[in-house]
Amino acid sequence: MVKRRPDVWQILSLVILAAFCLFLLWPLLCLFLSGFQGEEGQWTLENFVKFFSKRYYYQALWNSLSVAVCVTALTLLIGIPLAYCTTFFRVRGRGVLDLLIIIAMMSPPFIGAYSWILLCGRSGWVTTFFAEHLGIDIPTVYGFRGIVLVLTLKLYPFIYIYVSGALKRMDPSLMEAAESLGIHGIRKITSNVLPLIAPTALSAALLVFMNALADFGTPQLIGEGYVTMPTLIYTEFVNEMGGNASFAAALAALMVAITAVLFLLQKFYVDRRGYNMNSMRAPAAQPVAGWRGSVLHILLYGVVLFSLIPQVTVIYTSFLNANRMVFLKGYSLNSYVLAFQTLGGAIWNTVRMGSAAIFIIVILGVAIAYLSVRRRNIITGIIDTASMFPYIIPGSVLGITLLLTFNKRPWLWGGTAIIMVLSLVIRRLPYTLRSSSAILHQIPASLEEASVSLGVSPLKSFFRITTVLMLPGVFSGAILSWVTVINELSSSVILYSTKTRTLSVAVYSEVVRGSYGTAAALSTILTVLTLVSLLIAFRVSGNDELHL
Amino acid sequence: MSVSITMNNLVKRYGGQTVIPGLSLTIRNEEFFTLLGPSGCGKTTLLRMIAGFNGVDGGELYFDERPMMNIPAHRRNIGMVFQNYAIFPNMSVRKNVEYGFRARKVSKEEVRRRVDEILDVVRIREYQDRMPAQLSGGQLQRVALARAIVIHPSVLLMDEPLSNLDAKLRLDLRGAIRDVQKQVGITTCYVTHDQEEALAISDRIAVMNQGVIQQVGTPMEIYARPANGFVATFIGRSGLFRATAREDCLEFADGSRIPRPVGAAVAPGQQVALSIRPEELSPAASGLRAVVRSRTFLGKSLNYVLEFADGVALPGYPPIEYAQDFTGSCRMYEPGEVLFLQPDLGRVNVFTEDLSRSLMEGGGSHG
């Protein structure tokens, strides 16, 4: 018989499995278990009984679900027609339009919440304008309305990007076939186009739903008493720090259970109904002339520019003189000066911890992609599945989970950069991992074997051939990971300390403190950082599409 | 330099399934050897065992006298050509060909000289600075061949290198591979499912089925004296008849008889299978009685599908055919017409009734 030496990949897969168990699976298990424990550590269901018996608590779940359902429906209504129009009709400035949509998606939703308060809040500019000059009291933007508005404008780009990707891969001959059978106009769309993009739209809708359900910053800032699950978890957890956090844990477990069920349902549907569309020929965009063309452009640009109002507002106000919550006459850089003086560390922290996180994410993403595509076995299968978990774990839940596990001996990581980076890696690894495995599926295994056959060792072949060819896919995933890393709030807000405060946490706490000037300045810096990252990414990758 | 390859009782298992149950074979030094068989017969698995990409689950593998079982692929000094070319898409043609020298200590001038030389041999020098995306399939496979042999490997392994190419290109490149192999003089193991390609290109062929070698021999031996019914029907076409051996003849179910084929070692009364290729039949005044079912014109010949009386043909096999040379003045037969056919007794083959073994003297050499 022939002896087989354990190779690097087997060792690596065991190391990664151990890391996943230690940093993700074990903490989650602890969280679930502590949800079933009482004050003295006895096993009990009292946390769940408490949740479902008090209206204040179960109302939060109902609120979260209503927000998520409304936002998902609205984003589908905006995103699908938008994608259809830009794919099948010739639109001027298509590249700019796409870039604007991506910017709308990439900026953190709590910035949206904060600028809508500036505009349409109780003493917002629009509100006061209507009240003083026209004598009309327009409804304010707080509560359910505001949350839905902000999240819809932030999340419709997901639908747009996914669906236009699917439409582009759709073979035009399918539509020609429909037309040859005498089906055209709106019936062509409903009977032919919509069913084909349904699986993709559903995946995107799930992403939107999860994001809306898990978002913490928006309801916290604009909700004004409209309690959702993430804000409830946060409040309960912060209130109970030092005491017993098991009620917050029970809430978190409940949320993960809901998202997990949704995720599995979606996967079940897509696995059964997913079509493998891969068209060589992209659908031709038809020119639209005359008044129809004008209307089309006004609508498209109207929607996109409307969703960018928060960014514009924030950037504008960052150059105003400000005194706490009041913006004064005249322009200056005072807010920036103040921001740098008091919170300059936050910028450095964002870059520092973001870079550390993205470095680990890229290495792990490439390694796990390779293991799960090229070295399929039970261990790599478990790793592959576990790496999908972050999709269904809301940020605040992950924050609590990590803090509960790693803020006691022998770890004592609470408030350190380690725990911040850890949560960023766990939360944003999936983007890089998915796009790395997607590109690896397109690289024939024989390329690596060819290199080995020419005398280059397997490990060197992996670095010289496979990783080099994987770069474009890794890069497009990493850029998405990076942008979401620097904008991360919901887990960071639970894990940060004064030493590890990031830009987004600083914006959040400045808004809460009522320092609108510095908040605007910091938001602008964050937006610029995001924008510069995206522009570099587009320049390097040579195209302006993000592959999700 | 070039080596011989010896396999002793090689075993390969996937999960609980044994793909190769114990295979022994010797490939001689500088020989062009082909593993031929239907898809899934284990030929690629065996090639990848020789290459070192598939582990060996039992038995022994030697390059000359050197045991190879524990040598990893990159230390075996092999050259390999893949079905999908496996040309590195991020490197120019020249960089692809030079790639193997990264793992070898060869001076720069020597690398340049050898790469230039091989680019000429496979006739791709004018494309040396192109990127792979700009080349056709045939050109890519020439690059792959150059890349594999420029490093002077001990053996050249080729896994269906022509099957992604169109018919015309396949013929061109087939000749090129054969010429280059003879020019360089390197032991070559070539995998294909295309029997015509195997016959044209090989010094010797091993016909494989279900992980077992059916016959090893030169192309002519394998075609003329197949070792069993599988080889007879897989290589070329063969019509199979059921017959009973008599004193000097073979008797068929309809009572018709033909003289005993030359070299058939059969005992009177023995049930046998008779294998006749379409071109080994010719019309005569008497012989096997057949009805023409259909006629196909193939250019240099006319092909007739025949029907015989019940029990004459071996059941469960494709219908028996007769190929008539097309001379322009030949007498053509129409569907429904009856004709009598005499086999060429010096060329037909006789097998045991279950087709497992040839009954021809000196026929059916095993590995």
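**Figure 1. Pairing of strands S11 and S12 in chain B of the predicted model.** Strand S11 (residues 239-245) and strand S12 (residues 249-251) of chain B run antiparallel and are joined by two bridges. Within this pair, B:Ala245 stands opposite B:Leu250 of S12(B).

**Figure 2. The open sheet of chain B that contains S11 and S12.** Five strands make up the sheet, in the order S13-S12-S11-S14-S20, with antiparallel pairing. The edges are taken by strand S13 (257-259) and strand S20 (349-352) of chain B; each has a single partner strand, so one side of each is left without a neighbour in the sheet. From one strand to the next, the twist averages 40°.

**Figure 3. A nonpolar surface patch on chain A.** The patch covers about 790 Å² and is made by A:Leu22, A:Trp26, A:Leu29, A:Leu33, A:Phe36, A:Trp43, A:Leu45 and A:Val49. Helix H1 (residues 8-35) of chain A gives the most to the patch, with four residues.

**Figure 4. A:Trp26 in helix H1 of chain A.** This tryptophan is one of the residues that make the nonpolar patch. A:Trp26 has 45% relative accessibility and therefore counts as partly exposed, a class that lies between buried, under 20%, and exposed, over 50%.

Figure 5. The C-alpha trace of chain A spans about 90 × 70 × 50 Å along its principal axes. Of the 548 residues in chain A, 56% are buried.

Notes: Residues are numbered from 1 along each chain as its sequence is written. Chains are lettered from A and ligands numbered from 1 in the order in which they are written. This is a predicted model: local features need pLDDT of at least 70, side-chain atom pairs count only at pLDDT 80 or more; totals for chains, interfaces and linings use all residues. Side-chain values use heavy atoms; hydrogens and water are left out. Patches are made of residues with over 30% relative accessible area and no salt bridge: like charges are joined within 9 Å, nonpolar side chains (Val, Leu, Ile, Met, Phe, Trp, Tyr) within 5 Å. Accessible areas come from the Shrake-Rupley method with a 1.4 Å probe; for residues, only the protein chains shown count as cover. A salt bridge is a side-chain nitrogen of Lys or Arg within 4 Å of a carboxyl oxygen of Asp or Glu. Buried means under 20% relative accessible area, exposed over 50%, partly exposed in between (1.4 Å probe, protein chains only). Two strands pair if DSSP finds at least two bridges between them. Axes are lines fitted to C-alpha atoms, for helices over the stretch in contact, and angles run from 0 to 180 degrees between N-to-C directions.
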